[in-house]
Amino acid sequence: MGGMAQKKLVIVESPTKAKTIRKFLGRDYMVESCMGHVRDLPQSAKDIPEKFKKKPWANLGVDVEHSFTPIYCVPKNKTKIVSELKKKIDEASEVILATDEDREGESISWHLVNLLKPSVKVKRMVFNEITKEAILAALKDFRDIDMNLVHAQEARRILDRLVGYTISPLLWKKVAYGLSAGRVQSVAVRLVAEREHERLRFKKSEYWDLTAENEKSKSKFESRLVNYKGQRIASGKDFDSLTGALTKDANQQRVLCLDEVQTQKIKKEVEKKDWVVTEAEEKPVSRKPAPPFITSTLQQESNRKLGLSSRETMQIAQRLYERGMITYMRTDSMFLSEQAIHAAREGIVKLYGKKYLPDQFRDYGKKKVKGAQEAHEAIRPAGTSFVLPEDSELSGIELKLYDLIWKRTMACQMVNSEHKQMTVKIQAGDALFSASGMTIEFPGFLKAYVEGSDDPEAELETNEVRLPNLKKGDKVGVESIKVNRHETKPPARYTEASLVQTLEREGVGRPSTYASILGTIQDRGYVKKVGNALVPTFTALVVTKLLSQNLPEYVETGFTSAMEQALDDIASGDLDQEKYLTSVYFGDKGLKKQVEKKEKEINADESRSVQLEGLKGFDFRVGRYGAYVCRKEKKGEEVCASIPETQFPGDMTAEIANKLIDQKINGADSIGNDPATGKPVYVLSGRYGPYVQLGDGDENNKETKPKRMALPAGLAPEDVTLDKALWLLSMPRKLGVHPQLKKDVKLGIGRFGPYVVCEGDYRSVPKTEDFFSVSIKRALELLAQPKRGRGKSVPLKELGQHPQKKTVVQVLNGKYGPYIKCGGTNVSLPEGLKPEDVTLKIALDLLAKKEDARGGKNAQQKRAT
């Protein structure tokens, strides 16, 4: 070191966190990032050390014969980081571990010590927000690594590995290769699958009622028929969803279910009657604000209000935390510190006035979520005074999420909203109508924040319905009377928000796991997102059936919740890790023996099939190439047909199933012949939906495999003409030449629908446009628009132009995480590198490495031939 004073080395998880902390520390400190976990269980067989490869437990990566010792290894992409940290330690006077203070963060610190083996003093610092005050305070209050938290994280990781790696091979053998099971994942899939079965079992009911538009003192309002001749009028809640009939309670209460004839008759009666107020009631209602955000409620609310997935919410919240904008985002504590309460109360007076400030602060610290174990504050703006959203220098979705957190935090410390609720009963002959109103007398916390709802038809609390001043004996006018037909609705499919809410209520999963659970069940093909709804695939129904029948406890919320509690007990030092893992894995009722026994008992053919309620005569199965439906013919033979991936179980009908099978039996009649080749042209349906096909060739022979093209959205198979089919089969077709790039502009159809492309730069053709009418002019307009990902995703960052290619270099968020895109080249971000830390230089280096690797592979292939 040449006599230079040694610096203290601070190690954190990410470059952004390092950059923020570096601003608060002097020249005596070096702040470096370890890019997340530096060690983990083996991810594949090649990662398992040679000395363990022949052990019977090697595939688990856990030595179940010796105290469930995990076999840790350093991933290849972390070897360089580890060696660089070792060099930094050699230059340091001491090491300060500043990873997050939850289980994951504690585990990372423990692994760093065990792997790097520093010869200098090691200290552990923790903080809940990355502000100057918090960092400087933490530097005065070091502690040891909390081994209970480390053991809890390790036990969780081992338990997840044992469950996943023991049950998944059973699914490979009995259903289809590549399927996966998980301790929490399988429970989430079961919840979504069961909801779909409930929808299939649902019996629709019809009921009728009347609504009237009334008038008093030139003020109009609506009333609804609620009683006729002393009998309450039926509404949706009075029907049994399984039978479609009135419930037992409704029958006991002599509830009247009206049909159209009865309703029309009552309408004629009341048209001739006087309408007189028989009851008018007013009462004050006071509403409290929602508590501050915890991880689960933040995910729910951002899904409702911003349309973000749980995974996206946590990625954005992580960025806000690491930039020092909010407190730690993985928490199930509603506690607010004195500093936070002071900041909120000061802001309320300044922004809204003293009348919005309660005499006493609101204490949410006593409220406990089931299984709460994280020792943090609620999620709130960081610091001793909260930065206003408009002053935050944030933009885009980061600003929207910060604004949501800021508003919720402010509102939770404001006074109640005060309302006046009015209920009026109006008699018209034998019919009784009811009208309700609500006015806001004082907005209170609603001035800052209104909580969202999972029910799209539910009115928010801010919606005012004003009634005229009415009292008993008043006559009211009738402007119009409307007869209404209603149908009961099946249970709503889960959204990400409602599924997280259910998992949390049942004590399944923890704050740090919700986003990964929801991401995993979608990535693995068990659940598809349609709009905001989570829809199970046939694979989800088949796997749920197999596990429910053979390993029921592993898909039950109670059993999984008990596992979570056991892991919490390990975290607090109240339960021995080895004893617990032994009880779960070994023994007569242990996982190992159960799976071995069931493997012999389960019939593979039966395990691949599922029956759908109301669809007798059909058998729905899952195989290597996806879902298919089978039907027995009169002669006893069975005919099966593929089910398109866009066809979900809850929407399946006998008509659809028969149509798929009949088409398979009869084959498709040719709609004509291609003039160029003479081959027949067909319109068919397969796993990925309807498509056109040229010729009959051999499906398995690359040389004779017929050309196919999917139908664009909106084009029904019966509307396909020969001209349209031939036009589709010519895809991708050249529209013209790009005037600046001098390259071909083409039109095509891909997995995600119609597109235009030039030099690897794609743009989707909007579904509202006629695909067959897209011209070169329209294609150039689309290519000129900023690129958008599928759904609501947009580029996270535009870095500038590639110096050679003259194409924009972007950072986007994809199915498997953030990645860099330049023209037709994509490269995933290395683990630990955050999108906001990517510069044009870093991106160009990563793109160059990808292209060098691709070039090397191409060269090898050329040499081989």
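**Ground rules.** I number residues from 1 along each chain as its sequence is written. The model is predicted, so I take local features only at pLDDT of at least 70 and side-chain atom pairs only at pLDDT 80 or more, while totals for chains, interfaces and linings use all residues, and side-chain values rest on heavy atoms, with hydrogens and water left out.

**Whole chain.** I found 23 helices and 31 strands (DSSP runs numbered from the N terminus: H or I of at least four residues for helices, E of at least two for strands). The radius of gyration is 32 Å, which agrees with the value near 29 Å that a compact globule of 865 residues would have (taken over C-alpha atoms; the rule is 2.2 Å times the number of residues to the power 0.38). Along the principal axes, the C-alpha atoms fill a box of roughly 105 × 85 × 70 Å. I get 49% of the 865 residues as buried (under 20% relative accessible area; exposed is over 50%, partly exposed in between, with a 1.4 Å probe and protein chains only). I also looked at contacts (heavy atoms within 4.5 Å): of those between residues at least 6 apart in sequence, 66% join residues at least 24 apart.

**Helix 6 on helix 14.** Helix 6 (residues 185-201) packs on helix 14 (residues 514-523) at about 65°, with axes 9 Å apart (lines fitted to C-alpha atoms over the stretch in contact, angles from 0 to 180 degrees between N-to-C directions). I therefore log helix 6 and helix 14 as roughly perpendicular (65 to 115 degrees; under 35 is roughly parallel, over 145 roughly antiparallel, the rest oblique). Gln185, Ala188 and Val189 of helix 6 meet Ile517, Thr520 and Ile521 of helix 14. By class I have 4 nonpolar, 2 polar and no charged residues there (nonpolar: Ala, Val, Leu, Ile, Met, Phe, Trp, Tyr, Cys, Pro; charged: Asp, Glu, Lys, Arg; polar: the others, Gly among them).

**Helix 5 on helix 15.** Here the axes of helix 5 (residues 147-174) and helix 15 (residues 538-550) come within 12 Å and cross at roughly 120°. Ile167, Leu170, Leu171 and Lys174 of helix 5 touch Val543, Leu546 and Leu547 of helix 15. I sort this contact into 6 nonpolar, no polar and 1 charged residues.

**Lys797.** I find Lys797 in strand 28 (residues 797-801). Its relative accessibility is 25%, so I call Lys797 partly exposed. Leaving out residues up to four places away in sequence, Lys797 touches Val809, Gln810, Val811, Pro835, Glu836, Asp837 and Val838. I checked Asp63 too: Lys797 and Asp63 are 734 residues apart in sequence and 44 Å apart in space, C-alpha to C-alpha.
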